[in-house]
Amino acid sequence: MNFLAQTTSTTTTTTGVTFPTLVLTAMVWIAVVFALAALLMPNQTQDQLRRIKSIGSTGAGAALFFAIWAVETQVPNAAGGTGGIPGGDLVEQHSWLSSFPIASSYHLDADGMALSVIVVVSVVFFCAALAAWRNQRHVKLLTVCLLTLETASLGILVSYDWVLFLLFWTLAIVPVYVLDRAFGHGHGTRTATRYAATSLVSAGLLLLAAVLIAFQAGAQSFDMGVTPVSLPGDGETVAFWLITAASLLAMAVVPLHGALLDLEEDSTGVLSAIFAAVLPSLGAYTLVHVAVGFFPTTSGSFSLFFAVLAVVTVVWGGLAAMRTDDLRRLIGHVGTVFMGLVLLGVAGHTSIAITGIMFLLLARGLVIGVLMLLASLIQERTRRVRISQLGGLAWQAPFLSAFWLLATLAAAGVPLLAGFAGDFFIFTGSFPAHRWASTVVLAGTLLASGALVWTAQRVFLGASRDTFERARDLGPLELTYIGILVGLIVLIGVVPGHFAELFQNGAGYILFPGVA
Amino acid sequence: MGSFAWVILLLPVAGCGASFVTETPRRAAHVCMTFLGMSLIVALIVLGYRLAHETTSITPDISTLNYLSLTPGPSETATFPSTFQVAVGVRVDNLSASFMVLISFLFLVVQGLGTAMLQHDAGYRRFFWASSLLATLMLGLVLSPGLFQVWLTLGAISATTLVLALHYWHRRETTAPARRAFSVLLGADASLLLGLAYIIDKMGPYLGLRSQPAGGALDIFDFRLLNPAWQAAAKGTVANGSYKSLVILTVLLVVAALVHAAQAPFTGWLTGLREAPLPVLGAITMSMLAGVIVLARIYTLLLVTPGVLSFLAVIGAVGAVWLSAACFVSRDIYRVALLSASAQLALAITAMGAGGYSAGLLITVVSAPLSLLLLVTAGSLARAYRTRDIGEMGGAWRRMRHTSLSLGLWALAAAGLDLVGYDVVSSIFLNRFPNMREEVGSTTRYIVVQGGQMAGWVRDLVAVLAIAAVVLTALYAVRLLVTICRGTPAVRRGFIVEKLTEAAPPLRTLQRWCAAATVGAVVVGLPGIAAIGHGKGRVPALTFSHWIYYGASHQTLPVEWWAFAAAAAALVVGVAGGAAVSRAELTRRVARLGLRLRIPTLAATGPAGVRWAFAFGARAGNALAGEVVAFDHELVEPLYDSAGEGIEVAAWSLERVRVRRLGIGLGVTLAVILLLVGASVLAAGGHFPVHTT
């Protein structure tokens with residue numbers, strides 16, 4: 001209670017009683033609280049397993065509830081210029097490690113960028129928790145790890161203190177490693193180790209950057225709330241590249257895409273959806289919010305690097321998507337193409353392009369989540385993930401096919417579906433700075449779209465195959481969680497303006513912190 | 001009136017939504033058609049209102065809603081408009097008022113065709129909701145107040161085209177072409193998106209400084225802002241805008257329009273879809289009007305880039321000849337119908353490129369129901385004869401009198417009585433003759449549209465090509481009519497001539513509707529062409545060219561006897577030639593000749609250069625993709641493997657040296673860390689005496 005009593009700056013007084021703002025704390029920690037509850041539950045009988053699963057779904061649902069609360073309280077404020085920038089209604093700051101030479105505090109906050117990814121993370125985890133109902137293997141482990149990973153992911157997004165940020169960043173590695181070791185098929189151990197190695201390297205780079213900033217900035221603090229950061233000498237450039245390298249590793253852009261793609265390919269069902277939809281988004285968030293947000297001038301001076309990397313990533317990802325025969329790897333490559341678009345937006349270095357990145361991350365998470373979940377359902381029904389071994393599934397699974405096609409269209413950036421607003425803002429925002437790069441990237445995205453449509457043709461259309469005669473369509477549970485994601489894809493596509501000001505404020509804060 | 005027009009847009013999409021909750025597919029069809037019919041009625045009311053208020057109808061009624069709005073950063077106003085806002089809405093002007101009636105009507109006929117031809121089809125319900133959605137999007141395109149909505153609707157039209165084209169999703173011969181069609185259309189939409197980005201790049205700050213037009217939300221891509229911006233850029237008064245940039249912009253937008261209109265060399269996506277059911281082909285063919293509508297909307301941009309406008313005329317004329325030739329040598333009646341629709345639009349584009357804005361749109365209005373008439377007739381014939389090969393048809397006049405009359409009407413109209421030939425030729429020669437100019441004070445003002453700025457030899461070339469296309473059109477139209485109507489059908493296994501009967505009543509009704517619409521469209525255009533004399537003698541009454549025009553003043557197409565003579569000669573030559581080559585032996589010879597000349601292949605895939613480029617691109621892309629995957633396998637993955645293995649080796653080494661003491665040590669360390677964390681938390685809460693002094 002003492003903890004709560006210290007909060008004085010942000011209060012809501014609608015009932016006459018002063019309440020501290022604890023939305024972000026609740027959003028971050030509620031999942032791990034449920035994880036602890038699940039950990040203590042027995043898991044011997046089917047009833048007990050079901051109970052654990054309900055705890056998992058409820059925990060993810062509770063986190064989703066607080067996420068929606070956090071976002072929707074900011075949307076009305078966005079028009080007034082206070083929503084979507086740090087220091088508003090959502091801020092929570094309590095002194096924590098103040099006795100050390102460099103102080104650290106429990107500082108949570110969320111800007112437009114964070115809120116865009118928070119929506120994705122919370123929705124995808126909730127849908128994944130629903131999808132995990134069909135799992136019968138290592139139920140407790142899956143539930144606990146999923147909820148812990150959700151806490152870590154949300155924590156990364158709202159941490160405004162380096163210590164917290166790194167704590168959550170490294171916390172995320174543990175459940176990913178454990179889950180892949182437990183559920184990975186084929187090369188589970190190898191891919192888990194690879195990913196853990198990559199993540200540890202990125203965590204190390206971030207730690208170096210944090211130390212450098214904390215010692216050189218002069219504030220003697222690990223607080224991340226003061227931007228832009230000014231460091232003497234080449235400190236800014238070094239810190240910028242440390243954070244950028246860590247982010248690029250997490251985003252899995254070419255040529256650093258190997259570990260995450262293998263992780264997605266080797267994971268099963270629910271996990272691949274989370275890994276593909278959430279983990280790269282955290283990297284993108286770090287790149288834009290931390291690297292660009294802390295050092296807007298430095299990042300602007302390296303915009304050509306990002307443009308070239310965007311071109312390489314998008315063209316590479318598009319070409320690889322055309323040739324790959326593995327359904328999940330194909331989706332992974334499409335996700336890489338999306339990350340290339342993020343890089344183009346960073347290269348554009350305008351508030352329009354950064355706003356586009358937020359829209360794109362929102363769309364990307366939903367679309368990739370749907371595609372991965374559908375891919376796992378296909379695998380579950382046919383015992384195959386090789387595209388060349390599939391065909392004619394629309395006969396047996398029309399809803400599954402229709403949802404795949406819709407997600408494909410959204411990934412292609414078709415207007416009135418979630419992907420288009422991001423494409424529109426990124427291209428219009430980046431074109432003035434990098435005309436040729438924008439043009440090539442646009443062509444590269446066509447490759448990825450073509451690969452997805454071609455895959456839809458090969459997997460779902462054509463004559464019926466006897467082999468898949470007993471494959472069934474989506475059941476009520478599957479329709480529910482896929483429907484939630486698809487519904488959001490359509491909703492965001494039709495009314496993207498709902499988030500526009502929120503994201504724009506966030507973009508303004510990142511690029512023009514003093515002004516915003 | 002602008003707000004009222006929202007109803008036209010929302011009714012078909014409401015029908016589309018309602019069709020999902022109906023009990024039976026049949027009911028779904030009825031719901032979709034009812035809503036589309038209501039949309040047509042409202043569109044007619046809007047058109048009637050504007051006709052009744054013709055004197056004040058120059059100003060469009062616009063109603064817009066803010067769709068996306070951003071404010072660029074303080075240092076970005078040198079690059080972007082100060083308010084980066086895009087809107088969706090409706091722009092009711094004479095063009096949209098006319099075309100929304102046309103589109104609602106055409107899609108209603110297409111849905112009627114669906115009820116007649118898709119009964120008991122598994123995709124019955126899907127066809128109706130998808131076609132209703134396509135109708136909505138086409139209406140949205142026509143009513144677009146700005147380029148953003150044009151992009152929005154064109155992209156959605158591409159996606160809906162894919163859904164429709166996948167009607168027979170289980171057949172390989174339809175799925176692969178549907179995918180290809182979607183990819184091509186997606187490329188066109190990407191071109192348009194680049195165009196939007198280019199506008200921001202070149203004219204962003206200029207657009208941001210313009211005063212907000214009255215009526216609705218500000219849209220930086222609003223035509224009311226763009227039209228003066230283009231003219232200002234052409235005059236060099238826009239900071240970044242130059243003639244070169246305008247040309248690049250025009251090319252980007254024109255490419256998108258030409259692809260959507262299935263113009264040469266981008267016709268392949270349309271002809272590839274010919275295995276789809278006829279109602280689907282009807283819907284997709286009608287969606288090709290989108291290309292012409294886009295051209296009409298960006299006409300002011302075309303006017304300030306006369307080079308591109310002339311190029312458009314040449315492209316249109318070459319395409320018209322090419323597609324007409326392909327029609328002439330094709331034996332598949334569906335293919336003829338599709339290519340014919342594309343060829344008619346090519347003539348419309350030629351006229352627009354030559355400066356005949358009103359003439360081009362008039363051709364579009366006339367040719368749309370005409371193309372649908374041919375499709376409906378072709379469907380009736382193919383169903384009756386159980387073949388699509390016109391060489392195996394014959395004797396229709398005796399056994400299918402009504403259908404033959406419809407085909408005859410189409411053939412005569414296409415051969416020249418629809419005056420399309422005259423419209424094109426007169427547009428090309430518009431400002432060549434002195435009686436088309438008038439002196440207003442000290443300046444010379446063209447009384448006709450002034451877009452035609454082709455050099456002399458280009459104009460002559462385009463004229464020759466256009467006349468050739470008109471002649472070829474007459475040839476294949478008459479050939480088709482005579483081949484099908486006279487003689488007897490070819491003897492085939494399983495086909496009993498005696499069982500050949502007239503098309504079902506619903507199809508006959510649709511033929512009548514299309515025929516009536518065609519005649520109506522020709523009649524609407526007729527007084528405009530036959531404006532009696534010039535100057536004082538000009539008929540000031542309502543005419544198409546008096547009704548739809550660009551700029552601030554009415555233009556009237558004059559009577560040009562040269563053009564009449566050329567068109568009439570083309571008609572005569574075409575009819576005579578068509579009748580001559582319609583003999584069965586000659587039909588086969590012509591088809592063989594066409595095959596030898598590879599005209600059908602050309603029409604489907606483009607000239608050798610384009611084919612080679614596509615094939616080369618595909619092979620190169622495939623090879624490159626192979627290298628990319630190989631690189632991943634051979635270099636990237638081993639790198640990660642080695643990193644992973646390094647950690648594994650370290651872990652393994654640690655395990656080797658693991659002793660009981662190490663385990664205890666690790667446990668103690670963990671416990672100490674936990675204690676420290678706990679102490680820190682307590683210290684933060686003031687429960688632990690750790691203070692700095």
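This is a guided tour of a predicted model, going from one selection to the next.

**Chain B as a whole**

Begin by selecting chain B, in which there are 26 helices and four strands. Of its 693 residues, 59% count as buried, and the chain exposes about 26800 Å², with carbon and sulfur atoms supplying 66% of that area. If you look at contacts in chain B between residues at least 6 apart in sequence, 79% of them join residues at least 24 apart.

**Salt bridges**

Over all chains, a search of the whole structure finds 19 salt bridges. For one of them, select Asp262(A) and Arg329(A), whose side chains meet with 2.9 Å from N to O. Asp262(A) belongs to helix α9 (residues 258-266) of chain A and Arg329(A) to helix α14 (residues 327-348) of chain A, so that the pair links distant parts of the chain, 67 residues apart. Buried means under 20% relative accessible area, and therefore Asp262(A), at 4%, is buried, while Arg329(A), at 8%, counts as buried too.

Now select Asp201(B) together with Arg435(A), where the side chains meet in a salt bridge of 2.6 Å, N to O. This pair crosses between chains, from helix α6 (residues 172-209) of chain B, which holds Asp201(B), to helix α18 (residues 435-460) of chain A, which holds Arg435(A). Are the two partners buried or partly exposed? Asp201(B) is buried, with a relative accessible area of 6%, whereas Arg435(A), at 36%, counts as partly exposed.

Arg331(B) is partly exposed, its relative accessible area being 26%. To see salt bridges that share partners, select Arg134(A), Glu380(A), Arg381(A), Arg472(A) and Glu478(A), which are joined into one network.

**A nonpolar patch**

On the surface, select Val490(A), Leu491(A), Val494(A) and Val495(A), which form a nonpolar patch with about 300 Å² of accessible area together. Val490(A) has its place in helix α19 (residues 476-494) of chain A and is partly exposed, at 31% relative accessible area.

**Aromatic rings**

Select Trp29(A) and Phe168(A), a tilted pair with 5.5 Å from centre to centre and 45° between the planes. Trp29(A) lies in helix α2 (residues 23-40) of chain A and Phe168(A) in helix α6 (residues 162-183) of chain A, so this pair ties together parts 139 residues apart in sequence. Trp29(A) counts as partly exposed at 30% relative accessibility, while Phe168(A) is buried at 2%.

Another tilted pair is formed by Phe148(B) and Trp151(B), at 6.0 Å centre to centre and 50° between the planes. These two residues are three apart in helix α5 (residues 147-165) of chain B, which means that about one helical turn separates them, and both are buried. Phe148(B) and Trp151(B) also belong to one aromatic cluster, whose members include Phe359(A), Phe420(A), Tyr67(B) and Phe221(B).

**Charges over rings**

Finish with two arginines. The charged end of Arg458(A) sits over the ring of Trp454(A), 3.8 Å from its centre, and Arg401(B) lies over the face of Trp397(B), at 4.3 Å from the ring centre.

Terms used:
Residues are numbered from 1 along each chain as its sequence is written. Chains are lettered from A and ligands numbered from 1 in the order in which they are written. This is a predicted model: local features need pLDDT of at least 70, side-chain atom pairs count only at pLDDT 80 or more; totals for chains, interfaces and linings use all residues. Side-chain values use heavy atoms; hydrogens and water are left out. Buried means under 20% relative accessible area, exposed over 50%, partly exposed in between (1.4 Å probe, protein chains only). Contact means heavy atoms within 4.5 Å. Accessible areas come from the Shrake-Rupley method with a 1.4 Å probe; for residues, only the protein chains shown count as cover. A salt bridge is a side-chain nitrogen of Lys or Arg within 4 Å of a carboxyl oxygen of Asp or Glu. Patches are made of residues with over 30% relative accessible area and no salt bridge: like charges are joined within 9 Å, nonpolar side chains (Val, Leu, Ile, Met, Phe, Trp, Tyr) within 5 Å. Rings of Phe, Tyr and Trp (its six-membered ring) pair if their centres lie within 6.5 Å; planes under 30 degrees apart count as stacked, over 60 as edge-to-face and the rest as tilted. A charge sits over a ring if NZ of Lys or CZ of Arg is within 6 Å of the ring centre and within 35 degrees of the ring normal.
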